[in-house]
Amino acid sequence: MLDYLQRHVAGQLRPDDTNPLQYPTPVSELLGIQILAVDERAATVLMSVTTDVHGNQQGTVHGGTIAELADAAIGTAHSLGAIVRGTDVRPEVADQVRSMG
């Protein structure tokens, strides 16, 4: 998977290249999320935002946009075997965080 994503970033994918995951995902394409760099320890993702595409009713960028950007980076790292951990100080989500491992 790492080799596939590195070749994707470099623009070196061949027409017959495949991987077990769908990439780019439909939501990444919709929101304009791109992987800029990836290695064994990190994934760098980019999303150029505009209020026309990512806006809310106040005319600013919707908060869910940032959550999706974080999800793209975390998901990419996880698909490469990274141990992904979450922390939340709110007691009401402690069970959810524990369930993530």
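In the predicted model, the residues of helix H4 that are buried are Thr65, Glu68, Ala72 and Thr76. Seen down the axis of H4, these buried residues fall within an arc of 70 degrees, so they line one face of the helix. On the other side of H4, by contrast, Gly63, Ile66 and His78 are exposed. The cover over the buried residues of H4 is drawn from several elements, including helices H1 (2-9), H2 (26-31) and H3 (51-54) together with strands E1 (33-38) and E2 (43-47).

One of the buried residues of H4 may be considered in detail, namely threonine 76. Its relative accessible area is 9%, and threonine 76 therefore counts as buried, since the cut-off for that term is under 20%. When neighbours within four places in sequence are left aside, threonine 76 is in contact with Leu5, Ile35, Val38 and Ala43.

In the protein chain as a whole, five helices and two strands are present, and from the N terminus on these elements follow the order α-α-β-β-α-α-α. Of the 101 residues in the chain, 21% are buried, and the C-alpha trace spans about 45 × 35 × 20 Å along its principal axes. Among contacts between residues at least 6 apart in sequence, 34% join residues at least 24 apart.

Conventions: Residues numbered from 1 in each chain as written. Predicted model: local features only at pLDDT ≥ 70, side-chain atom pairs only at ≥ 80, totals over all residues. Heavy atoms only, no water. Buried < 20%, exposed > 50% of the residue type's maximum accessible area, 1.4 Å probe, protein only. Helix = DSSP H or I, 4+ residues; strand = E, 2+ residues; numbered from the N terminus. Arc of directions from axis to C-beta. Contact = heavy atoms within 4.5 Å.
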